[in-house]
Amino acid sequence: MFLRNCWYVVAWDHEIPAQGLFARRVIGEPLVLFRASDGSVVALEDRCCHRLAPLSRGRIEDGCLRCGYHGLLFDRAGRCIEVPGMEQVPAGTQVRAYPVRVHHRWVFVWMGEPEQANDAWLPDNHSCDSPDWVYRPGYLHYDVPWQLVCDNLLDFSHLSYVHEKTLGGTPAIARARPAIEAIERGLRIARHVSGVPPPPYYSALREFKGLIDRWLVYDFVLPATLLMDSGGCEQGASPDDPERSVHLHSCQALTPESESSTHYFFQQAHPAHLGDAAMTEGLYQGVVRAFEEDRDMISAQYERVREHGEGAMQSLPMDAALLRFRQLIARECARERTGQETR
Amino acid sequence: MFLRNCWYVVAWDHEIPAQGLFARRVIGEPLVLFRASDGSVVALEDRCCHRLAPLSRGRIEDGCLRCGYHGLLFDRAGRCIEVPGMEQVPAGTQVRAYPVRVHHRWVFVWMGEPEQANDAWLPDNHSCDSPDWVYRPGYLHYDVPWQLVCDNLLDFSHLSYVHEKTLGGTPAIARARPAIEAIERGLRIARHVSGVPPPPYYSALREFKGLIDRWLVYDFVLPATLLMDSGGCEQGASPDDPERSVHLHSCQALTPESESSTHYFFQQAHPAHLGDAAMTEGLYQGVVRAFEEDRDMISAQYERVREHGEGAMQSLPMDAALLRFRQLIARECARERTGQETR
Amino acid sequence: MFLRNCWYVVAWDHEIPAQGLFARRVIGEPLVLFRASDGSVVALEDRCCHRLAPLSRGRIEDGCLRCGYHGLLFDRAGRCIEVPGMEQVPAGTQVRAYPVRVHHRWVFVWMGEPEQANDAWLPDNHSCDSPDWVYRPGYLHYDVPWQLVCDNLLDFSHLSYVHEKTLGGTPAIARARPAIEAIERGLRIARHVSGVPPPPYYSALREFKGLIDRWLVYDFVLPATLLMDSGGCEQGASPDDPERSVHLHSCQALTPESESSTHYFFQQAHPAHLGDAAMTEGLYQGVVRAFEEDRDMISAQYERVREHGEGAMQSLPMDAALLRFRQLIARECARERTGQETR
């Protein structure tokens with residue numbers, strides 16, 4: 001069960017080469033991406049309509065894509081414009097083309113009906129492309145269904161245990177109750193803890209002497225994008241005092257590759273006027289280490305889910321946000337199936 | 001189809017660490033084992049009741065087990081005694097706990113109803129923990145259903161072919177007809193051959209000059225434990241003449257890991273007053289080499305069984321014991337299903 | 001869906017050792033091959049009738065095959081002639097034996113009813129064993145259903161794209177329309193192009209200065225054998241002028257290993273009176289490089305076919321031969337199922 005009428009992140013902008021073909025699968029469908037002659041990104045079904053060979057095994061010719069098996073040539077709209085040996089291309093010889101947007105360095109594809117593609121639904125991933133923020137872009141692959149990774153991002157109580165030695169550092173995060181609020185196509189979640197040790201990964205940013213106050217405030221919006229302000233300041237200090245605080249902005253997007261695997265695009269940015277390349281790299285390494293902790297745990301969880309089914313899960317109050325988001329997805333999917341208006 | 005109301009060997013005693021967690025699967029169920037504060041072994045379902053994460057990814061705190069995902073804390077009875085952020089643990093928050101016995105260095109778990117756990121059904125694996133016997137403990141993993149390994153152990157005619165260069169050494173073993181006798185919850189099987197060359201693996205124990213007489217006498221009891229006296233003596237000599245004979249005792253247990261994989265715990269012991277560490281090691285290496293011969297053959301056999309089905313097997317007189325034992329298992333399983341008394 | 005009443009190539013003659021056992025699977029059935037005392041090749045079902053162990057794990061004794069598990073002994077007709085420990089072999093103790101022919105260095109097995117084995121259906125693979133031709137024998141394994149490889153061999157328009165840098169060298173091959181003609185149990189396909197650059201793999205054979213004329217003429221016969229004359233000559237020259245032309249003969253056979261994997265036996269021969277061992281090796285290397293290009297493409301295509309189904313394929317005129325051959329296979333399979341005469 002996947003939403004189709006929404007924008008999925010398929011790649012970082014820099015992953016699509018100036019020349020050449022880039023293959024990636026989204027919600028089970030194989031896509032081939034490349035740049036047209038004007039540099040804009042094109043996304044086609046990665047499967048020739050003739051004998052089903054992957055078009056990503058072909059080559060670009062003047063902004064069109066030539067199949068590497070029998071040589072059919074497709075334009076950026078997916079129309080076949082040449083069949084070797086034929087005078088005329090038979091009607092209906094074409095592959096699917098997907099609407100594409102490059103928005104703040106993320107490449108988005110619209111997997112639903114092209115005429116419904118709605119730019120208002122692109123997320124506010126501004127820190128991906130802003131003079132105010134610096135980061136190293138990240139990507140991880142999960143052999144796990146996307147919803148289990150959503151669950152993880154919608155309940156930060158796991159920071160205390162999975163990330164004890166990276167993002168967490170204290171059981172206080174798990175003990176705090178977050179505020180959860182509905183927003184358009186998603187949830188806003190805010191969690192504050194005070195008088196806690198700085199988390200280990202802050203060491204790349206600032207050396208706090210004593211305990212700190214921390215905040216983690218994020219929107220989580222369809223299909224599965226996290227946009228987060230977070231930070232910490234000396235206990236009792238103003239969060240706005242630049243000498244006594246840390247501010248971060250993070251954008252993270254989950255894209256189902258298949259029913260059982262997931263793409264994870266992420267960045268954790270620090271303010272551009274602070275620190276140097278070593279800080280940027282240190283922050284990236286700290287976050288990657290933590291996200292690998294997540295992946296280890298969720299992969300192990302998924303082994304159990306596969307054999308036991310999710311029905312065996314016992315809900316607890318800490319699951320509030322993830323349960324609401326699962327309901328939101330189910331409702332939107334139902335709406336798509338029944339053909340109702342999606343807005 | 002697995003028996004549940006019986007003791008399965010889950011580990012050698014030394015495999016369960018003093019601190020830390022040990023994970024192993026028995027009849028398809030994932031278990032986590034650890035030592036309580038008093039050193040006794042605890043076995044719990046290795047799956048948190050909350051989001052199904054494996055508890056073996058958590059940690060011990062004062063003899064209790066803390067889940068590594070969201071921090072639920074479980075006592076040795078499987079009861080959750082803390083949910084981070086909640087004053088009260090909701091009723092019914094618990095995982096399954098399994099009865100455990102440590103008996104002659106084997107750790108047994110009872111997979112059926114706990115109140116039926118019956119210590120009288122622990123096998124007589126005395127040589128695993130006796131001043132009279134010395135051995136190096138062994139473990140092998142099979143990607144094969146346990147019943148095919150039982151079949152192997154219940155028909156020693158394969159010693160002549162699979163183990164020609166290790167345990168066998170002569171076609172006479174295959175030609176001999178064993179005596180088979182019903183015992184409580186199993187079978188007693190006795191096979192004698194005389195005037196045969198000593199098997200190659202005896203070379204670690206004694207250098208026989210000529211032909212010998214051999215005996216292989218064992219009980220095979222539910223669920224799948226072999227307890228064997230074996231040995232050989234110079235042809236015509238008394239088996240009790242310590243200068244002219246070899247005596248061994250072996251305990252071997254098969255535990256289904258899943259429908260298609262099996263744990264194999266084994267030891268082949270020699271008398272403690274004979275030989276040194278080199279003899280112990282030489283005997284162990286000889287047996288491991290032979291058991292790997294079995295595993296190679298049974299794994300190859302299993303490939304054929306998977307695609308062809310056991311129905312294609314043609315029974316021969318040498319299958320008498322294995323067929324009786326399969327009937328015994330089927331009868332006990334049926335008894336469990338229909339809820340009859342198991343004694 | 002496999003044809004059974006036909007000859008499948010199971011091995012090159014030299015693959016069957018003088019002593020010892022050779023295992024290979026054909027149309028899903030495991031076979032064990034060996035040489036009888038007179039050197040002739042025997043093919044038996046590679047599965048003991050007793051406990052289903054692969055007989056290829058056993059050994060040869062006086063031209064008979066002894067099972068390595070419990071020692072049953074089978075003769076070349078598949079009859080069990082000894083069960084260890086029994087005076088008499090029970091009736092019906094046997095495994096299947098398959099008719100075998102060694103024909104021009106290819107070992108063929110007949111997978112259907114033995115009494116229908118028809119030597120007239122052996123293909124004319126004469127260049128495999130002729131003083132006039134020289135080659136190095138080739139074998140490749142495909143994790144792809146055989147029909148997708150047949151498709152490939154029945155439409156050489158792919159030479160222009162898949163093999164641009166090896167066998168092809170020009171889009172003219174794809175643009176040419178071949179002549180297709182029905183022959184007994186197959187098709188004859190002839191394709192001519194003129195005024196094209198010599199294909200890169202010809203460089204092992206002759207250095208042409210300018211453009212050439214090429215021909216590719218082959219029979220493709222059931223179950224899946226290609227027998228091809230091909231060559232090229234200076235543009236406008238006589239194909240028979242030995243100083244200005246290249247002549248090759250190729251024999252290639254596809255044998256389904258299973259529903260989803262295929263054996264590929266092949267040779268591309270040059271005239272014996274031309275060139276030396278270096279030419280033979282250079283030609284072989286060129287062909288292997290090209291056939292690995294095919295395997296890469298067809299394996300990628302098969303990924304798509306597996307998830308999408310062949311029904312999504314859109315037929316084009318270039319598919320004429322492959323569609324006719326698929327119909328021929330379907331018709332012959334139907335005939336076998338309904339038990340009609342196969343001739």
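Let me start with the open sheet in chain C, where 4 strands lie in the order 5-6-7-8 with antiparallel pairing. Strands here, like helices, are DSSP runs numbered from the N terminus, with at least two residues in state E for a strand and at least four in H or I for a helix. Two strands are taken to pair if DSSP finds at least two bridges between them. Strand 5 (59–61) and strand 8 (80–82) of chain C are at the edges with a single partner strand each, so one side of each has no neighbour in the sheet. Strand 6 (residues 64–66) of chain C is joined to strand 7 (residues 73–74) of chain C by 2 bridges, and the two run antiparallel. Within strand 7 of chain C, Leu73(C) is the residue opposite Arg66(C).

A word on conventions. This is a predicted model, in which local features need pLDDT of at least 70 and side-chain atom pairs count only at pLDDT 80 or more, while totals for chains, interfaces and linings use all residues. Residues are numbered from 1 along each chain as its sequence is written, and chains are lettered from A and ligands numbered from 1 in the order in which they are written.

I turn to chain B, which has an open sheet of 4 strands in the order 2-3-4-9, with antiparallel pairing. Its edges are strand 2 (22–26) and strand 9 (97–98) of chain B, each with a single partner strand, so one side of each is left without a neighbour in the sheet. Strand 3 (residues 29–35) and strand 4 (residues 41–45) of chain B run antiparallel and are joined by 5 bridges. Phe34(B) has Val42(B), in strand 4 of chain B, opposite to it.

In chain A, strand 3 (residues 29–35) and strand 4 pair in the antiparallel sense over 5 bridges. These two strands of chain A form a hairpin with 5 residues between them, and Gly39(A) in the turn has a positive phi of about 90 degrees. Val32(A) has Leu44(A) of strand 4 as its bridge partner. Strand 4 of chain A also pairs with strand 9 (residues 97–98) of chain A, in the antiparallel sense over 2 bridges. There, Leu44(A) stands opposite Ala97(A).

Is strand 4 of chain A mostly covered or mostly open? Strand 4 (residues 41–45) of chain A is mostly covered, as 5 of its 5 residues are buried. By burial I mean the number of other C-beta atoms, placed from the backbone, within 10 Å of a residue's own: buried at 20 or more, exposed at 12 or fewer, and partly exposed in between.

Which residues have the most contacts inside the largest nonpolar core? That core has 285 residues, and the ones with the most contacts are Val10(A), Val109(A), Val10(B), Val109(B), Val10(C) and Val109(C). A nonpolar core is a set of buried Ala, Val, Leu, Ile, Met, Phe, Trp, Tyr and Cys residues joined through C-beta atoms within 7 Å. Beyond its neighbours within four places in sequence, Val10(A) is in contact with residues including Val26(A), Leu33(A), Ala43(A), Val109(A) and Thr255(A). Contact requires C-beta atoms, placed from the backbone, within 7 Å.

On domains, the assignment, from an automatic or database source, gives chain A domain 1 (7–120) and domain 2 (125–338). The contact between them takes 11 residues from domain 1 and 14 residues from domain 2 of chain A. On the domain 1 side, strand 1 (7–12) and strand 2 (22–26) of chain A each supply at least two residues. Strand 1 of chain A gives the most, with 4 residues.

Next, the arrangement of the chains. Chain B can be laid on chain A by a turn of 120 degrees and a shift of 0.0 Å along the axis, with an RMSD of 0.0 Å. That is the relation of a three-fold axis. The superposition is by least squares on the C-alpha atoms of residues with pLDDT of at least 70 in both copies. In chain B, the C-alpha nearest the axis belongs to Arg306(B), 13 Å from it.

Finally, the contact between chains B and C takes 21 residues from chain B and 17 residues from chain C. On the chain B side, helix 2 (172–175) and helix 3 (277–308) are the elements that give two or more residues. Helix 3 of chain B provides the largest share, 6 residues.

How values were computed. Two residues are in contact if their C-beta atoms, placed from the backbone, lie within 7 Å.
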